[in-house]
Amino acid sequence: MPTFEGRFTNVSDLRIAVVVARFNDLVTSKLLSGCLDCLERHGIDTSASSKQLDIAWVPGSFELPIVAQRLASSANYQVVVTLGAVIRGDTPHFDVVVAESSKGISAVARETGIPIIFGVLTTDTMQQALERAGIKSNLGWSYALQALEMASLMTVLPPRKLS
Ligand code: INI
């Protein structure tokens with residue numbers, strides 16, 4: 001009985017795209033910093049001339065799925081990380097933005113077969129979002145780890161034969 005697990009090593013051929021929402025960029029830029037720090041410490045070249053990492057900025061979390069879809073379907077990346085922050089207190093249409101973003105991101109992953117990491121913070125207050133983006137811990141770091149794990153796991157799973 002095989003057990004399939006992702007690893008965090010052998011990253012030299014890995015190509016990753018990160019899509020970041022500019023809305024609440026006080027939070028999302030910190031998530032991005034945490035994400036890049038983790039990738040760099042696991043051996044990914046995060047320099048400006050990197051061939052392993054591309055970053056795309058979108059206006060808000062609502063736009064994450066369409067850009068994740070374009071990047072995932074390019075066949076240039078083994079995993080895509082999406083980063084956003086939707087804050088209930090400041091957002092009358094919080095539920096709409098969160099639902100569209102989360103449903104869209106999971107649909108893209110299933111459609112393309114490329115793992116898309118859901119790195120969208122959904123909190124009641126800006127304070128809670130900042131706590132998760134560096135004041136207490138930085139979830140950007142965790143999203144990067146999940147990306148490495150999923151990219152690796154997909155290489156050891158049986159190939160998709162049915163569409
Ligand atoms: N986008 C976010 O990422 N977070 C939010 O909290 C937010 N609020 O508050 O509305 C938000 N709105 C913008 C939305 O994602 C789209 O960019 C916009 O509706 C244009 O399509």
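Which residues form a nonpolar patch on the surface? Before the answer is selected, some ground rules apply. This is a predicted model, in which local features need pLDDT of at least 70 and side-chain atom pairs count only at pLDDT 80 or more, while totals for chains, interfaces and linings use all residues. Residues are numbered from 1 along each chain as its sequence is written, and side-chain values use heavy atoms, with hydrogens and water left out.

**Stop 1: the sheet**

Display the strands (DSSP runs of E, at least two residues; helices are runs of H or I, at least four residues, and both are numbered from the N terminus). Four of the strands make an open sheet with parallel pairing, in the order E2-E1-E3-E4. Two strands count as paired if DSSP finds at least two bridges between them. At the edges are E2 (53-58) and E4, each of which pairs on one side only. On average, neighbouring strands of this sheet are turned by 15° against each other, direction ignored. Strands of a sheet pair through backbone hydrogen bonds, either parallel or antiparallel.

Select E1 (residues 16-21) next: five bridges join E1 to E3, and the two run parallel. Isoleucine 16 has valine 79 in E3 as its bridge partner. Continue to E3 and E4, which also run parallel and are joined by eight bridges. Here glycine 84 stands opposite valine 120 in E4. Six of the eight residues of E4 are buried, where buried means under 20% relative accessible area, exposed over 50%, and partly exposed in between (1.4 Å probe, protein chains only).

**Stop 2: helix H1**

Contact means heavy atoms within 4.5 Å; axes are lines fitted to C-alpha atoms, for helices over the stretch in contact, and angles run from 0 to 180 degrees between N-to-C directions.

Within H1 (residues 25-41), select aspartate 37 and arginine 41, which are four residues apart, about one turn of the helix. The two form a salt bridge, with the closest N and O atoms 2.9 Å apart. A salt bridge is a side-chain nitrogen of Lys or Arg within 4 Å of a carboxyl oxygen of Asp or Glu. Aspartate 37 is partly exposed at 28% relative accessibility, whereas arginine 41 is exposed at 58%.

**Stop 3: a salt-bridge network**

The structure holds six salt bridges. Select Arg88, Asp95 and Asp124, which are linked in a network. From arginine 88, the closest N and O atoms are 3.7 Å apart in the bridge to aspartate 95 and 3.3 Å apart in the bridge to aspartate 124. Arginine 88 lies in the loop between E3 (79-87) and H3 (94-112), and aspartate 124 in the loop between E4 (116-123) and H4 (126-132), so this pair ties together parts that are 36 residues apart in sequence. Arginine 88 is partly exposed at 41%, and aspartate 124 is partly exposed at 43%.

**Stop 4: the nonpolar patch**

Finally, select Phe4, Met154, Val156 and Leu157: these form the nonpolar surface patch, with about 300 Å² of accessible area together. Such areas come from the Shrake-Rupley method with a 1.4 Å probe; for residues, only the protein chains shown count as cover. Patches are made of residues with over 30% relative accessible area and no salt bridge, nonpolar side chains (Val, Leu, Ile, Met, Phe, Trp, Tyr) being joined within 5 Å and like charges within 9 Å. Leucine 157 lies in the segment after helix H5 (139-156) and is partly exposed at 31%.
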